[in-house]
Amino acid sequence: MGEERFGEFVLVRRHGDGGAGHVAELVLDRPKAMNAVSTEMARSIAAACTGLGGDRSVRVVVVTSTHERAFCVGADLKERNSLSDAELVRQRPVARGAYTGVLDLPVPTIAAVHGFTLGGGFELALACDLIVADRTAVVGLPEVSVGVIPGGGGTQLLPRRVGAARAAELIFTARRVEAVEAGELGLVDQVVEEGRDREEALALAGRIAGNSPVGLRAAKRALRLGQGLDLRAGLEVEDAAWRAVAFSGDRAEGVAAFNEKRTPRWPGE
C-alpha cells in the first residue's frame, strides 16, 4: 500500500493489487481539530484531488477520516473567527476548491463516514457519489444556526439527494440526523455496524474498481451531466457518453472476455 502526503492534514493511500490496486483513499488527517477544514487543509484536499483526477490508473476514490469520533465537523470556525472581512473574501475560493475538488473527480467516489459529519464535513460527503455510514454517524447542515448558509455545495447537492422540501426542512432547522434516520431519508446510502464504514466502503470500491475504467468514467459523466435535464436532453447526454466508450479498447476487451469466459484485462482506453 503506497502513501503520499499532501501538506500536514491530508494523506492519499493506494490499495492492494489487481482491481483493488486502482482504489485510492483520500484520508482527512487533522485529528486534533476533528478534521475541521482550515485554509491549509482545504488547499491540501484540492491538491490531492487534482493529483487523483489526473491519474488514469485510479478507478475509485474513497474519502475517509483518521479521527475515531468524527468524519469532519465542517469549517474551522476558530480560524474563521480570526479573519477580517477582506481575508474571508480571499479565503473563499480556497475553501470552495476543496469541495469542488471532490465533486469534480472524474471517477466514482465513496465517503466513509462515522461520528460527527456536519456542515462542510457533510458537504464533502455529499460531493461523493455514494455515502457509507456506520451507526455512530450524525449528519447535518447546521450553518443557519451560526448565521451563514451551507457554502460547500449543500444547498444544491442535498436537494438532488432527497428532494427540495426535505432539503429545505433539514437546512432551515439545522437539525442533526442520526445514522438510522439518515439511511431512511436517503441522506446516506448504506448504514453499517459501528467501526466498519471504512472497511465496507473500501470493499465496495474494490468491487467497482473491477469494472471498465473507461466505462466508469463515462457512466459518471452521464449521471452528473444528465441531472436536472428533461428526458430527451438527458438521453442525448447518455448517447454522447455511449459513443465515447463504444469504440474503446475497454469495450473490445469486455466483449472478448465475456465470450471467452474470463476476467477482463482492461486496457483503460
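This is a predicted model: local features need pLDDT of at least 70, side-chain atom pairs count only at pLDDT 80 or more; totals for chains, interfaces and linings use all residues.
Student: Okay, the core. How many residues does the largest nonpolar core have?
Tutor: The largest nonpolar core has 49 residues. A nonpolar core is a set of buried Ala, Val, Leu, Ile, Met, Phe, Trp, Tyr and Cys residues joined through side-chain atoms within 4.5 Å. Buried means under 20% relative accessible area, exposed over 50%, and partly exposed in between (1.4 Å probe, protein chains only).

Student: Which residues have the most contacts inside it?
Tutor: Those are Leu26, Leu28, Ile45, Phe122, Leu124, Leu158 and Leu187. Helix 1, residues 39-53, gives the most to this core, with six residues. Helices (H or I, at least four residues) and strands (E, at least two) are DSSP runs, numbered from the N terminus.

Student: Why would nonpolar side chains be found together?
Tutor: In soluble globular proteins, nonpolar side chains tend to be buried together.

Student: What does Leu124 touch?
Tutor: Leaving out residues up to four places away in sequence, Leu124 touches Leu28, Val37, Ile45, Phe71, Cys72, Ala98, Tyr99 and Val102. Contact means heavy atoms within 4.5 Å.
Tutor: There is also a second, separate core of 14 residues, and it includes Val62, Ala112, Leu202 and Leu216.

Student: Now holes. How many cavities of 30 Å³ or more does the search find?
Tutor: The search of the whole structure finds one. On a 1 Å grid over the protein atoms alone, a cavity is a set of points where a 1.4 Å probe fits but cannot get out. A pocket is an open set with protein on both sides within 12 Å along at least five of seven lines. Lining residues have an atom within 4 Å of a point. Points are joined across faces, edges and corners, and a volume is the space filled by probe spheres set on them.

Student: Which residues line the cavity?
Tutor: Phe122, Val139, Gly140, Leu141, Leu158, Leu170, Val177 and Leu187 do. Seven are nonpolar, one is polar and none is charged. Here Ala, Val, Leu, Ile, Met, Phe, Trp, Tyr, Cys and Pro count as nonpolar, Asp, Glu, Lys and Arg as charged, and the others, Gly among them, as polar.

Student: And the largest pocket, how much space is in there?
Tutor: About 850 Å³. It is lined by 34 residues, and the closest to its centre are Ala75, Asp76, Leu77, Arg80 and Val148. Helix 3 gives the largest share of the lining, six residues. By class, the lining has 17 nonpolar, eight polar and nine charged residues.

Student: What about the second largest pocket's volume?
Tutor: About 380 Å³. Of its 16 lining residues, the closest to the centre are Leu126, Cys128, Asp129, Arg224 and Gln227. Helix 9 gives the largest share, six residues. The lining has eight nonpolar, three polar and five charged residues.

Student: Switching topic. Is Thr64 buried or exposed?
Tutor: Thr64 is buried, because its relative accessibility is 2%. It is found in strand 4, residues 60-65. Its side chain makes a polar contact of 2.7 Å with that of Glu25. A polar contact is a pair of N or O atoms within 3.5 Å; within protein, one must be able to donate a hydrogen and the other to accept it, and residues adjacent in sequence count only if both atoms are side-chain atoms.

Student: Which side chain does Thr39 make a polar contact with?
Tutor: That of Gln91, at 3.2 Å. Thr39 lies in helix 1. It counts as buried because its relative accessibility is 13%.

Student: Where does Asn35 lie?
Tutor: Asn35 lies in the loop between strand 3 (23-28) and helix 1. Its phi is positive, about 60 degrees, although it is not a glycine. At 0% relative accessibility, Asn35 is buried.

Student: And Lys261, buried or exposed?
Tutor: Lys261 is exposed, because its relative accessible area is 78%. Its phi is also positive, near 55 degrees. Lys261 lies in the segment after helix 11 (249-260).

Terms used
Residues are numbered from 1 along each chain as its sequence is written. Side-chain values use heavy atoms; hydrogens and water are left out.
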